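Below are some numbered notes for a colleague who has not worked with this entry before. Please read them with the structure open.

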Amino acid sequence: MDKSLGDIQREVDAYISQFKEGYFSPLSMLARMSEEVGELAREVNHQFGEKPKKADEADNSIELELGDILFITVCFANSLGIDLTEAHNKVMHKFNTRDAGRWTPKNTD
């Protein structure tokens, strides 16, 4: 089932809203996001780098680590009242204008 960013934001909000604690503070969420990015880096290094996993290390995946980053990103946005669809549209506009000539286009022949 495909979900829009708005659907995902509402789903995460419904989940977080079940708990008295609610969303963490922005500083705590930034720390959590940094932790998750570190876990992603570790997985990428294990899969594509020169550092194999230890025999006793958990079997995580890049997919799950990206999912964790998406979750904390949505929590962060929700807690600050940011619509991620609108944020994405603004970023794409920036890339399509400011960076329009930065990359070599593929041939369309």
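1. Asn 45 is partly exposed, at 31% relative accessibility; on this scale buried means under 20% relative accessible area, exposed over 50%, and partly exposed in between (1.4 Å probe, protein chains only). Asn 45 sits in helix H2, where helices (H or I, at least four residues) and strands (E, at least two) are DSSP runs, numbered from the N terminus. Between Asn 45 and Met 33 there are 18 Å in space, C-alpha to C-alpha, and the two are twelve residues apart in sequence.

2. On the source: this is a predicted model, in which local features need pLDDT of at least 70 and side-chain atom pairs count only at pLDDT 80 or more, while totals for chains, interfaces and linings use all residues. Residues are numbered from 1 along each chain as its sequence is written, and side-chain values use heavy atoms, with hydrogens and water left out.

3. How many salt bridges does the structure hold? There are six, a salt bridge being a side-chain nitrogen of Lys or Arg within 4 Å of a carboxyl oxygen of Asp or Glu. As a general point, side chains of opposite charge can pair when their charged atoms come close.

4. One of the salt bridges joins Glu 11 to Lys 3, with 2.7 Å from N to O. Glu 11 is partly exposed at 43% relative accessibility, and Lys 3 is also partly exposed, with a relative accessible area of 40%.

5. Asp 99 is buried, its relative accessible area being 7%, but Arg 102 is exposed, with 52%. Both belong to a network of salt bridges that links Arg 98, Asp 99 and Arg 102.

6. Which residues make the nonpolar surface patch of about 220 Å²? They are Val 91, Met 92 and Phe 95. Patches are made of residues with over 30% relative accessible area and no salt bridge; like charges are joined within 9 Å, and nonpolar side chains (Val, Leu, Ile, Met, Phe, Trp, Tyr) within 5 Å. The areas come from the Shrake-Rupley method with a 1.4 Å probe, and for residues only the protein chains shown count as cover. Phe 95 is partly exposed, at 37% relative accessibility.

7. Phe 95 is part of helix H4 (residues 84–97). This helix has 14 residues and spans 20 Å from its first C-alpha to its last, close to the 20 Å expected at 1.5 Å a residue; the expected span is 1.5 Å times one less than the number of residues. At the start of H4, the backbone nitrogen of Thr 85 has a side-chain oxygen of Asp 83 within 2.8 Å.

8. Two aromatic pairs are found in a search of the whole structure. Rings of Phe, Tyr and Trp (its six-membered ring) pair if their centres lie within 6.5 Å; planes under 30 degrees apart count as stacked, over 60 as edge-to-face and the rest as tilted. Tyr 15 and Phe 19 have ring centres 5.2 Å apart and planes at 70 degrees, so this pair is edge-to-face. Tyr 15 is partly exposed at 42%, and Phe 19 is partly exposed at 40%.

9. Tyr 15 and Phe 71 are also edge-to-face, because their planes are at 70 degrees, with ring centres 6.3 Å apart. This pair links distant parts of the chain: Tyr 15 is in helix H1 (residues 5–16) and Phe 71 in helix H3 (residues 62–80), 56 residues apart. Phe 71 is partly exposed, at 26% relative accessibility. Together, Tyr 15, Phe 19 and Phe 71 form one aromatic cluster.

Technical notes
A polar contact is a pair of N or O atoms within 3.5 Å; within protein, one must be able to donate a hydrogen and the other to accept it, and residues adjacent in sequence count only if both atoms are side-chain atoms.
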